[in-house]
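I opened my notebook for a first look at this structure. Here is what I looked up, entry by entry.

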Amino acid sequence: MAPNEQPVRFYKIIALTFLFLTIILLGIIMFMSSKRATIIIESKATPVDISDSVLIGKGNVSGSLKGSVMSKIVTSTEEFFPTGTREESAKAEGVVTLHNDSKISQPLVATTRLLTSNNVLFRLKERAVVPAGGTIDAAVYADVEGAEGNIEEAVFTIPGLAAARQKEVYGTSAAAMTGGVRQVGILSAEDIEKAKEQLKRLLQKQGEEELLSDNMELTPVFSIVEDTYEINAKTGDEISAFSITGKATILGVFYNAEDLQTMANKFLARRAVDDVEIVEPSKNPPTVVVEDYDLEKGTATIQVFHSGVTLLNPESKQLDKSMFFGKSKDEVRRYLLKLDHVRSVDIKFSPGWIRAVPYVADHVEVIVKEVQ
């Protein structure tokens, strides 16, 4: 063998070895780059609510909101009607038109009898003179009490006149007689309480309108802090109506709605256990009621109620891709199902024959889906 052939063979071996190693390295790279994992997490929101106290006033005390606190005294008298009733017999009343078809006027004394065709008797309330060839209206009342006096339109004869004269002088009615039975109101304790509640609402509305006129730019919450009532009747009285005079002190607490919303949202955010969850406030504004007040200091404490939902935080360190490197499907599933708000987990590997999550972050996709 020629001396120069040995180095040529050596270099060929080196070249072939390098090519072989390169092919192996490319295969490893292609194998590693083809491994991918998709982790789909279905999470469900959990309702959360808070109740906290907030001081409203003119100062800048920590945890308080600037606002105004004022009161207004209002009074009103209203009439109401009892709901309980009993029936009471009375004499029906109405109007009769007296006719005189003769050429001689006819005087009739009070209590003159007028009789219907079915023998229901009425009497004139006052003396009347029926003009010759004319008519006159006269008030009448039933001779006896009761429902039988409640008659419809009728024609009346006047029994006290001679038979021939009765054909010339008679009566007619164009409307029904009423009042034979009347309803008498009986005042009950329930009537009084309902009337007081209704008057209380009217007083509050009146006070609110007066207080609002001085604080148009702020959001209010109102409360009746004192109210008294005087009634002109008592339980058991038989009356058709009764009146109540009410006097009330209306408290108005005024605050900036945006500032309160921000504070309430912070209260809610504290309910998050750790960074694995986030709190999403309700779109509805907080509910507010007056808890305490001090008119001399111009302050009030309001109770704030607000709601929202806690959600799985997709940016949580617990969901960082590195937490899943090298884990099998079962290991990933067991880990995630221990977290709050996780309802189900679906893991997909590509290619299908790999058994663990790759160690390359770009090859791992974590998807969080919210379900109802």
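I began with Ser-102, whose side chain reaches the backbone oxygen of Ile-104 at 3.0 Å. This is a predicted model, where local features need pLDDT of at least 70 and side-chain atom pairs count only at pLDDT 80 or more, while totals for chains, interfaces and linings use all residues. Residues are numbered from 1 along each chain as its sequence is written, and side-chain values use heavy atoms, with hydrogens and water left out.

I placed Ser-102 in the loop between β5 (93-100) and β6 (106-108); strands are DSSP runs of E, at least two residues, and helices are runs of H or I, at least four, numbered from the N terminus. Is Ser-102 buried or exposed? I found it buried, because its relative accessibility is 9% (buried means under 20% relative accessible area, exposed over 50%, partly exposed in between, with a 1.4 Å probe and protein chains only). Leaving aside neighbours within four places in sequence, I saw Ser-102 in contact (heavy atoms within 4.5 Å) with Ala-132, Gly-133, Arg-165 and Glu-168.

Next I checked backbone angles. Most residues other than glycine have a negative phi, and most peptide bonds are trans. Thr-111 has a positive phi near 75° and sits in the loop between β6 and β7 (113-115). Thr-111 is partly exposed, at 40%. His-341 also has a positive phi, about 75°, in the loop between α5 (329-337) and β19, but His-341 is buried at 12%.

Last, I noted a cis peptide bond joining Ser-350 and Pro-351, with omega about -5°. Pro-351 lies in the loop between β19 (342-350) and β20 (364-371).

Terms used: A polar contact is a pair of N or O atoms within 3.5 Å; within protein, one must be able to donate a hydrogen and the other to accept it, and residues adjacent in sequence count only if both atoms are side-chain atoms.
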